[in-house]
Amino acid sequence: MDVPGPTNRWEESRRKARSLESTIDLKLVSFSRLGTNTNYKIRGTKNESAQSSTPLLGDDSKHMIDTMALEIEQLLSKLQEVNDNMSDYVNAMGHTSPNTTLVHTLQRHRDILQDYRQEFRKTRDNINTCREREELLGDVMNDIHRYKSAATNRKTDLYLKENEHIRSSERLTDEAINIAMATKENLHSQKKMLGGITNRLSNVANRFPLVNSLIQRVNIRKRRDSIILGCVISTCIILLLLYAFRSR
């Protein structure tokens, strides 16, 4: 098996370097496009249009970005190794016959590697910033959603309580009206009954003058009792109505 000479080793290292540089260049372009074209969901006001696309925090996009970043890092490490091999070759050749062309070529490859590293770090930092911004936006939107849900629940509870109070007031009012109607009917029946008794007592009083004075006293006491009973019933009805209206 032939051992490659110094010149062949240099040319082989250069071919590897150019191949890696071409691959890294394509990867960086794809990586930059992936980070640029991946926007977030922006929710504006009613006068703003909403932009929506694939979020960076999605599992598929995140995995794709992380995988591509790892591939680029590995390629940059390989390119660094190739540049180190070329540097060793130039240093070894410099002790015998320094070659400015080789030094210039090596420096060119080093500059390309440095540019690739800077571009990669810049793109990766931009993507990380986008991720952090979207994560913050997601937290804010979640907080707003929870606040709106809590406010809606509170309003619903207040409406239910108010509705229950109204129903309770209506029930109390109905009960007060029913009591008043029953009392009215009872008083009406008692009035008829007392009217009949009064008529009979009047007939008796006309027949027996001595009893007339006793009947008048009974009538006076009866009127007084009716007035007292009427006042008590009216007071009860007024108190029930006041309680019903205050409960609303």
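I'll start with the surface. D25, D111, D115 and E119 form a negative patch there. Keep in mind that this is a predicted model. Helix α3, residues 100-207, supplies the largest share of that patch, three residues. D25 sits in helix α1, which covers residues 6-37. With a relative accessible area of 34%, D25 counts as partly exposed. That value matters here because a patch residue needs over 30% relative accessible area and no salt bridge.

Now the overall layout. The protein has four helices and zero strands, and along the sequence the pattern reads α-α-α-α. Of its 248 residues, 21% are buried. The accessible surface is about 18800 Å², and carbon and sulfur atoms account for 55% of it. On contacts: taking those with a separation of 6 or more, 74% are between residues 24 or more positions apart.

There is also a nonpolar patch on the surface. L136, V140 and I144 make it, and its area is about 250 Å². L136 belongs to helix α3. At a relative accessible area of 55%, L136 is exposed.

Next, the salt bridges. How many does the structure hold? The count is four, and I'll go through some of them.

One of them pairs E71 with K27, at 2.9 Å from N to O. E71 is in helix α2, residues 59-94, and K27 is in helix α1, so this pair ties together parts that lie 44 residues apart in sequence. Both ends are partly exposed: E71 has a relative accessible area of 31%, and K27 has 27%.

Another joins E73 to R124, with the closest N and O atoms 3.0 Å apart. Why does this pair tie together parts that are 51 residues apart in sequence? Because E73 lies in helix α2 and R124 in helix α3. E73 is partly exposed at 33% relative accessibility, and R124 is partly exposed at 27%.

The last one I'll mention is between R171 and E164, where the N to O distance is 3.7 Å. R171 counts as partly exposed at 45% relative accessibility, as does E164 at 41%.

To recap the links between helices: the E71 and K27 bridge ties helix α2 to helix α1, and the E73 and R124 bridge ties helix α2 to helix α3.

How values were computed: Residues numbered from 1 in each chain as written. Predicted model: local features only at pLDDT ≥ 70, side-chain atom pairs only at ≥ 80, totals over all residues. Heavy atoms only, no water. Patch = residues over 30% accessible without salt bridge, like charges linked within 9 Å, V, L, I, M, F, W, Y side chains within 5 Å. Areas by Shrake-Rupley, 256 points an atom, 1.4 Å probe, with all protein chains shown as cover. Salt bridge = Lys/Arg side-chain N within 4 Å of Asp/Glu carboxyl O. Lys, Arg positive; Asp, Glu negative; His and termini not counted. Charge placed at Lys NZ, Arg CZ, Asp CG, Glu CD. Helix = DSSP H or I, 4+ residues; strand = E, 2+ residues; numbered from the N terminus. Buried < 20%, exposed > 50% of the residue type's maximum accessible area, 1.4 Å probe, protein only. Contact = heavy atoms within 4.5 Å.
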